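Student: Before I use a model of this kind as a starting point, I would like to learn how to read its features one after another. Could we go through it together?

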Amino acid sequence: MKLFHSDLFDLPLPAGHRFPIDKYRRLRERLQADEEFAGDDFIVPPAASDEQLALAHQASYLARVSRGDLSPAEIKRLGFPWTAAMVERSRRSTGATLAACRVALQERGCAANLAGGTHHAHADHGEGFCVFNDAAVAARVLLAEGAVKQVAIVDCDVHQGNGTASICADDERIFTFSIHGAHNFPFDKANSNLDIDLPDRTDDDGYLEQLSGGLREVFRRSRPELVIYLAGADPYHDDRLGRLSLTFAGLATRDALVFQTCRTLAVPVAVVMAGGYAREIDDTVAIHHRTVVTARRTFANVHHGTLP
């Protein structure tokens, strides 16, 4: 299973910043120490180009990001201080999702971006620690190339994928599904093709029941040739920004449900990590690690471009 990582490209943040940037390095190192993965499974992705980013973002926004011409209000909304390194890291993370999609399609299986899931980035602005919308960019690139005709974005981050919903609102080729906390950020939500709003403190059983029904609806209403899965760690009960009450076991079952559904329907999956803000960063890393391991085990017997 190919794992694309961009943590080697620095994202300089001030001391005490609440974004847990170190989780990406820790996740890669934990996976590299895992005997289930080989050294050549880990790949540094190419950066997304201006032409690729422009399929989901306005040229004026891309120019302001590249030049460092974001206004103080835009920087505040984004949540990151502007640096050239931030731009490069964001391009690499977006490129990682596109690369994972390409491998998943080629192998008719699963590949992962060990970051990504930047679903609050809109066409004309960044928001909520999201500079470029990696899932929307990857989907649009593959559609433009004719590699696929239909894509589904299955967003299981605890926060609604408002940027993704907004960018893809009029694109019938992309089906957007978001299952998230009803009373969490963003407070002005966009309309996905399918939204499931969950009350605070939703537990494993309640979440999994809603997700199962949601997945059935996704595949009833669309016929995707690729799923991009945002496997947020933030529905976890001890997440600082979560408000839901899932356990480690519940999150593992969530991942297995998504992967097994796609495998049964012979739909390749690119999985991205999305959010995770647990009080103990090792909890977030453990959840992401389990997601990747579950993906590998689910698709382990996919060979030579076919599913058994």
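Tutor: Let us begin with a single residue and its surroundings. Leaving aside neighbours within four places in sequence, Ile 228 is in contact with Cys 101, Ala 135, Ala 138, Ala 139, Val 151, Ala 152, Ile 153, Val 154 and Ala 270. Please keep in mind throughout that this is a predicted model.

Student: Which residues have the most contacts inside the largest nonpolar core, and how many residues does that core have?

Tutor: The largest nonpolar core has 49 residues, and those with the most contacts inside it are Phe 80, Val 131, Leu 226 and Ile 228. Helix H3 (59-67), H5, helix H6 (134-145) and the strands E4 (151-155), E7 (226-230) and E8 (269-272) each supply at least two residues of this core, and the largest share, ten residues, comes from H5. Apart from this core lies another, of 47 residues, among them Ile 196, Leu 208, Val 269 and Val 293.

Student: How much confidence does the predictor attach to the chain, and where does pLDDT stay under 50?

Tutor: The mean pLDDT of the protein chain is 95, and 98% of its residues reach 70 or more. Over residues 304-308, however, pLDDT stays under 50, and for this stretch the model has eleven contacts beyond four places in sequence.

Student: In which sense does E6 pair with E5?

Tutor: Strand E5 (residues 174-181) and E6 pair in the parallel sense over five bridges, and Leu 198 in E6 is the bridge partner of Gly 181. E5 is also joined to E4 by five bridges, and these two strands run parallel, with Asp 155 standing opposite Ser 178 in E5. E5 itself is mostly covered, in that eight of its eight residues are buried.

Student: How many disulfides does the structure hold?

Tutor: A disulfide is a covalent bond between the sulfur atoms of two cysteines. This structure holds zero disulfides.

Student: What should I look for in the backbone angles?

Tutor: Most residues other than glycine have a negative phi, and most peptide bonds are trans. Phe 129 has a phi near 70°, a positive value in a residue other than glycine, and is found in the loop between strand E3 (110-113) and H6. Arg 201 likewise has a positive phi, near 70°, and is found in the loop between E6 and helix H8 (204-221). For the peptide bonds, the one from Phe 185 to Pro 186 is cis, with omega near -5°, and Pro 186 is found in the loop between E5 and E6.

Student: Are Phe 129 and Arg 201 buried or exposed?

Tutor: Phe 129 counts as buried because its relative accessibility is 12%, whereas Arg 201, at 64% relative accessibility, counts as exposed.

Student: Where is Ser 90 found, and which residues does it touch?

Tutor: Ser 90 is found in helix H5 (residues 84-107) and, at 12% relative accessibility, counts as buried. A polar atom of the Ser 90 side chain lies 2.9 Å from the backbone oxygen of Met 86. Not counting residues up to four places away in sequence, Ser 90 touches Val 131 and Phe 132, and Val 131 is one of the residues with the most contacts inside the largest nonpolar core.

Key:
Residues numbered from 1 in each chain as written. Predicted model: local features only at pLDDT ≥ 70, side-chain atom pairs only at ≥ 80, totals over all residues. Heavy atoms only, no water. Disulfide = S-S within 2.5 Å. Helix = DSSP H or I, 4+ residues; strand = E, 2+ residues; numbered from the N terminus. Buried < 20%, exposed > 50% of the residue type's maximum accessible area, 1.4 Å probe, protein only. Polar contact = N/O pair within 3.5 Å; in protein donor to acceptor, adjacent residues only side chain to side chain. Contact = heavy atoms within 4.5 Å. Core = buried A, V, L, I, M, F, W, Y, C linked by side-chain atoms within 4.5 Å. Pairing = 2+ DSSP bridges. pLDDT = per-residue confidence, 0-100.
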